[in-house]
Amino acid sequence: MRFVHTADWQLGMTRHFLEGEAQPRYSAARREAVAGLRTLAQDCGAEFVVVAGDVFEDNHLDPRVISQSLEAMRAIGIPVYLLPGNHDPLDASSVYTSTLFTDECPDNVVVLDRAGTHQVRPGLEIVAAPWRSKRPTTDLVAEVLADLPADGTTRIVVAHGGVDVLDPDPTRPSLIRIAAVQEALDRGAIHYVALGDKHSRTCVGDSGRVWYSGSPEVTNYDDIEPDPGHVLLVDIDESDPARPVTVDAHRVGRWRFVTLPAFQLDNSRDIADLDLNLDLLPDKERTVVRLVLTGTLTVTDRARLDACLDKYTRLFGWVGLWDRHCDIAVVPADAEFSEIGIGGFAATAVQELMAAARGDDPDGAEDAQGALALLLRLSGKLSEPKSGAA
């Protein structure tokens, strides 16, 4: 028996830093990752799909998001079992009980809206632990495992949330206690545990039977989410009483959120090297880049840096600074504005900006530095450095 384990689709998700048409492209990519499961299921002979929670970003969504999401699930073409998670719990405002969802839900989509066992076919059951609020007060998995018999039925647990061995926190009563899970596995009452909530593909414990699939499309930077963009193809050999399990990861995500190694910028050559590093990154329109920049620049070089970043802002899904880790000092050089033909009142204003840029008021200095850099760019006197230039 073969099925697809996925989770954390969070359809309807927005990222605050994505601007213009980048956000619609990102939203479309999340739906396409769902609809694309049809090809994987057909090629691999999967019997069904389980989604281990957080199918939707929220219970309060634009109706268009719900309709488009259901159409993407319809496209999969085989049964799809949806587990409500912490983003979309089965509370009073649940998306799953809305008129729009119930009216348009495809025949192949089943909401696991009841804790306990759900028969897929004779001899095969899903054991579901749906969330009914955003803050459960108990271990929902322990509740559904209690008294499950080891009677030869193949059982797949579908659950959502943190596990105590990865996120130990005695103040969180909803943590899944792995000891109880392992006991049910050892006695043969269950055979695989499909988890959601962790957005990076992760095997829990040593059994090879407890997995987070991760989100099929990236949701955060690589220092937080090192291995996103997968779904898991799970095989359980029902002909063997031990029900051996094989898990294979398939990459379906297309976006990347990356934090580049820190750049020290002290001259035009360093800026040219940054330019080259950004230029070499592939698939720019589906890549989000966070930069850590430190160093000391003249106003001229700061203007070159701004021009470089402006160019890549137009090319990447997003590119910008990780502000709390950046430290760029701008020190105006006396001769920087001597060749741009400014005189009279304007020259006096430039001198005042130069003084403010060197002053002790951080906010005033930053504003003055930005104004001076813009002036250089508008003057047309700013030349673009070449990589490797002094």
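This short talk walks through the cavity, the salt bridges and the aromatic contacts of one predicted model.

Some ground rules. Residues are numbered from 1 along each chain as its sequence is written, and side-chain values use heavy atoms, with hydrogens and water left out. Because the model is predicted, local features need pLDDT of at least 70 and side-chain atom pairs count only at pLDDT 80 or more, while totals for chains, interfaces and linings use all residues.

Let's start inside. There is 1 cavity of 30 Å³ or more. By cavity I mean a set of points on a 1 Å grid over the protein atoms alone, where a 1.4 Å probe fits but cannot get out. The volume of the largest cavity is about 40 Å³. That volume is the space filled by probe spheres set on the points, which are joined across faces, edges and corners.

What lines the largest cavity? The residues are Ala-129, Trp-131, Pro-136, Leu-140, Val-141, Ala-159, His-160, Ser-174 and Ile-176. Lining residues have an atom within 4 Å of a point. Helices (H or I, at least four residues) and strands (E, at least two) are DSSP runs, numbered from the N terminus. By type, the lining has 7 nonpolar residues, 2 polar and no charged. Here Ala, Val, Leu, Ile, Met, Phe, Trp, Tyr, Cys and Pro count as nonpolar, Asp, Glu, Lys and Arg as charged, and the others, Gly among them, as polar.

Now the charges. Side chains of opposite charge can pair when their charged atoms come close. How many salt bridges does the structure hold? The count is 15. A salt bridge is a side-chain nitrogen of Lys or Arg within 4 Å of a carboxyl oxygen of Asp or Glu.

Take Lys-311 and Asp-275, which meet at 3.2 Å, N to O. This pair links distant parts of the chain: Lys-311 is in helix H8 (residues 299-313), Asp-275 is in helix H7 (residues 268-280), and they are 36 residues apart. Lys-311 is partly exposed, at 32% relative accessibility. The cut-offs: buried is under 20% relative accessible area, exposed is over 50%, and partly exposed is in between (1.4 Å probe, protein chains only).

Next, a pair within helix H8. Asp-306 and Arg-302 form a salt bridge at 3.0 Å, N to O. They are 4 residues apart in helix H8, so about one helical turn separates them. Asp-306 is buried at 18%, whereas Arg-302 is partly exposed at 26%.

Arg-187 and Glu-183 also meet, at 3.0 Å, N to O. Arg-187 is partly exposed at 32%. Glu-183 is partly exposed at 42%. Finally, Glu-47, Arg-121 and Glu-238 are linked in a salt-bridge network.

On to the rings. The structure holds 13 aromatic pairs. Rings of Phe, Tyr and Trp (its six-membered ring) pair if their centres lie within 6.5 Å; planes under 30 degrees apart are stacked, over 60 edge-to-face, and the rest tilted. Why is the pair of Phe-48 and Tyr-81 edge-to-face? Because their planes stand at 90°, with centres 5.8 Å apart. Phe-48 lies in the loop between helix H2 (37-44) and strand S2 (49-51), and Tyr-81 in strand S3 (residues 80-82), so the pair ties together parts 33 residues apart in sequence. Both residues are buried.

There is also an aromatic cluster: Phe-17, Tyr-26, Tyr-221, Trp-255, Phe-257 and Trp-318. The charged end of Arg-290 sits over the ring of Tyr-221, 3.9 Å from its centre. Arg-290 also lies over the face of Trp-322, at 3.5 Å from the ring centre. The test is NZ of Lys or CZ of Arg within 6 Å of the ring centre and within 35 degrees of the ring normal.

Conventions: On a 1 Å grid over the protein atoms alone, a cavity is a set of points where a 1.4 Å probe fits but cannot get out, and a pocket is an open set with protein on both sides within 12 Å along at least five of seven lines; lining residues have an atom within 4 Å of a point.
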